[in-house]
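User: I'd like to learn how to read strand pairing and packing in a model. Could you walk me through it?

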Amino acid sequence: MSQDSSQDKGQRSLQLTVLAVLIVILWFLAMPHYFKLMDKTELTKVETNLSYLKQIQAIYRGIYGKYASTIDELAVEAPGLKEALGKKNSNSGWSYRIKLIDDGNCELIASRNKPGRSSASKDEIIKKIGLDSQ
């Protein structure tokens, strides 16, 4: 009888090992898809933030006759703007800035340094607004 119980224990141990290996394989297969999805979600959030900045810039230009040159200037007209954009050192690492081209045009820029890479390796999204962009 002791042979049967040790055989059952060995078989159960083998089954658990195979199950654990299958779970690890599935995990490694699923992780790239998960990270791609998270990256797409983050990019959508950044695009939404840039659209929000564009709307606030249009309002600012309507009031003052020029585009704001910094996020701080926009924040005067939109309390809570910095909180909506998130902190520069947040988990996502995205930061936002404004580049004035001339009186009628500007660029809204979102950028982030890719983690684990050199500072020269950057993601950047630029949304142009003004007379030349239409």
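User: Which residue in S2 stands opposite Asp 102?

Analyst: Asp 102 faces Asn 105 in S2. Before going on, note that this is a predicted model, where local features need pLDDT of at least 70 and side-chain atom pairs pLDDT 80 or more, while totals for chains, interfaces and linings use all residues. Residues are numbered from 1 along each chain as its sequence is written, and side-chain values use heavy atoms, leaving out hydrogens and water.

User: How do S1 and S2 run, and how many bridges join them?

Analyst: Two strands (DSSP E runs of at least two residues, numbered from the N terminus) pair if DSSP finds at least two bridges between them. Here S1 and S2 run antiparallel, joined by seven bridges, and they form a hairpin with two residues between them.

User: Why is S2 described as largely enclosed?

Analyst: Buried means under 20% relative accessible area, with a 1.4 Å probe and protein chains only. Eight of the nine residues of S2 are buried, so the rest of the structure largely encloses this strand.

User: What does Leu 53 contact, leaving aside neighbours within four places in sequence?

Analyst: Leu 53 is in contact with Ile 71, Leu 74, Leu 81, Leu 85, Tyr 96 and Leu 108.

Technical notes: Contact means heavy atoms within 4.5 Å. Buried means under 20% relative accessible area, exposed over 50%, partly exposed in between (1.4 Å probe, protein chains only). Helices (H or I, at least four residues) and strands (E, at least two) are DSSP runs, numbered from the N terminus.
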